[in-house]
Amino acid sequence: MAEPIRVMRVIARLNMGGPALHVSYLTEGLQTRGYNTTLVAGSLAHGESSMSFVAEERGVRIETVPQMHRDVSPLYDPMTVARLVKLIRTFQPHILHTHTAKAGTVGRVAAQLAGSAKPPIVVHTFHGHVLRGYFNPATTAFYRKLEHEMAEHTTRLVAVSPEVRDDLVELGVAPAEKFSVIRLGIDLEQRAGASERRSDLRGLFGVPDGVFVVGWIGRMTGIKRVPDVLETFRSLRARGIDARLCLVGDGPDRAQAEQLAYELGIARDVLFIGYQRDVSAYYALMDALLLPSGNEGTPVVAIEALAAERPVVATRVGGVEDVITDGVDGILCPVGDTEALADALEKLARDPALRAEMGRVGRERVVPRYRVSRLVDDVDALYRELLSEAGLPLPMPNAAAA
């Protein structure tokens with residue numbers, strides 16, 4: 001029997017969000033395609049919620065590098081690189097595939113320092129990027145230059161949407177021909193399939209029938225613009241819409257968000273649910289999802305909301321337009337325009353037939369487009385292309401142990 005192709009997959013951390021789902025589903029799915037994958041992950045930041053259970057439920061073993069953190073660290077980053085070099089020399093991967101910015105940097109530096117054990121193929125996936133809107137101009141310029149340098153030592157770059165690829169090309173990271181676009185794959189039946197719990201949840205949270213529920217799911221950080229969620233909801237209520245706001249998630253900005261809700265006079269109509277391991281039922285509770293982020297790679301919560309037949313009101317950033325078609329399954333608005341966001345929600349609140357139609361169309365679009373089997377097919381095809389170009393043997397299906 002042919003030897004499996006060894007893949008070392010590195011992600012900065014398995015926190016709440018699309019990248020953690022992506023690497024977990026992908027690692028499991030490639031096992032039967034002839035790939036033996038080692039999944040390497042770092043530590044969560046303070047206050048972050050873990051999604052390592054997604055990998056563990058799928059029998060994916062995680063090699064933990066405790067020194068690998070989200071933030072830049074003159075102390076821990078060299079230790080992380082040294083540990084990754086050791087892992088590369090131990091596992092001797094044919095393919096090193098990094099995910100997220102931090103893992104992409106330390107992982108690709110480690111590959112260069114691995115000497116004769118340097119993997120013949122190096123792939124990096126951009127699940128979004130931090131090259132616009134996250135840092136001050138000087139720091140942003142540094143990271144852009146760093147990504148450009150790293151790209152020169154990468155066999156192939158992967159973007160999770162055409163919009164993310166085009167943005168990175170415009171920012172000078174690499175030419176378009178160095179990119180492949182591979183969209184996320186998500187188990188949507190598991191993550192957005194609890195519509196029968198709608199009445200139970202409304203009863204639990206004291207939301208009467210007929211009240212319009214605006215939902216938001218995510219990590220409460222600056223880029224997610226949680227204050228815009230609250231300002232938009234305040235404006236919606238001022239228009240005479242009987243509504244509730246349901247915020248699912250936690251993060252460093254939660255205390256400020258709760259204070260702002262009081263200051264805006266909407267606290268009695270806002271549900272701060274906190275982190276939930278299983279979010280599927282909350283899509284059933286809501287009537288529409290609000291996503292006013294300053295940047296997004298591929299917004300998993302928007303995909304899940306549409307799969308649950310809930311229309312999405314979002315900002316026109318990053319990969320959002322690859323998920324939502326304006327006026328078809330959602331409404332897109334400029335970043336920071338809370339009045340436009342409130343206009344969109346008012347339109348949906350006053351027209352139940354419109355939001356039902358948008359939800360129906362959205363589900364028809366996203367379920368086949370973001371299925372896990374499609375993700376596995378796409379990555380398998382990419383790996384085979386790169387292995388052929390490198391003159392390496394191709395994997396034999398079912399060669400790897402489950």
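**Burial, salt bridges, cores and a cavity**

Q: What makes Glu63, at 15% relative accessibility, count as buried or exposed?
A: Buried means under 20% relative accessible area, exposed over 50%, and partly exposed in between (1.4 Å probe, protein chains only). Glu63 has 15%, so it counts as buried. A word on the source: this is a predicted model, in which local features need pLDDT of at least 70 and side-chain atom pairs count only at pLDDT 80 or more, while totals for chains, interfaces and linings use all residues. Residues are numbered from 1 along each chain as its sequence is written, and side-chain values use heavy atoms, with hydrogens and water left out.

Q: How do you know that the side chains of Arg83 and Glu63 meet in a salt bridge?
A: The term asks for a side-chain nitrogen of Lys or Arg within 4 Å of a carboxyl oxygen of Asp or Glu. For Arg83 and Glu63 the N to O distance is 3.0 Å, so the pair qualifies.

Q: What does the pair of Arg83 and Glu63 tie together?
A: Arg83 lies in helix H3 (residues 76–91) and Glu63 in strand E3 (residues 62–64), so parts 20 residues apart in sequence are joined. Helices (H or I, at least four residues) and strands (E, at least two) are DSSP runs, numbered from the N terminus.

Q: What makes Arg202 and Asp287 a link between distant parts of the chain?
A: Their closest N and O atoms are 2.8 Å apart, in a salt bridge. Arg202 sits in helix H8 (residues 198–204), and Asp287 in the loop between helix H11 (280–285) and strand E11 (288–291), 85 residues away. Both Arg202 and Asp287 are buried.

Q: Why are Arg374 and Asp378 separated by about one helical turn?
A: They are four residues apart in helix H16 (residues 372–389), which means about one turn. Arg374 is buried at 12%, whereas Asp378 is partly exposed at 28%.

Q: Which residues are linked in a network of salt bridges?
A: Glu28, Glu57, Arg58, Asp187 and Arg277. The whole structure holds 39 salt bridges.

Q: What is Val173's part in the largest nonpolar core?
A: Such a core is a set of buried Ala, Val, Leu, Ile, Met, Phe, Trp, Tyr and Cys residues joined through side-chain atoms within 4.5 Å. Of the 64 residues in this one, Val173, Tyr283, Val312 and Ile324 touch the most other members. Helix H12 (residues 300–307) gives the largest share, seven residues. A second, separate core of 30 residues includes Ala243, Val313, Ala349 and Met358.

Q: How many cavities of 30 Å³ or more does the structure hold?
A: Two. A cavity is a set of points on a 1 Å grid over the protein atoms alone where a 1.4 Å probe fits but cannot get out, and lining residues have an atom within 4 Å of a point. Points are joined across faces, edges and corners, and the volume is the space filled by probe spheres set on them. The second largest cavity has a volume of about 30 Å³, with a lining of His22, Leu26, His97, Thr125, Val158, Ile182 and Val379.

How values were computed:
1 Å grid on protein atoms, 1.4 Å probe; cavity = no way out; pocket = protein on both sides within 12 Å on 5 of 7 lines; lining within 4 Å.
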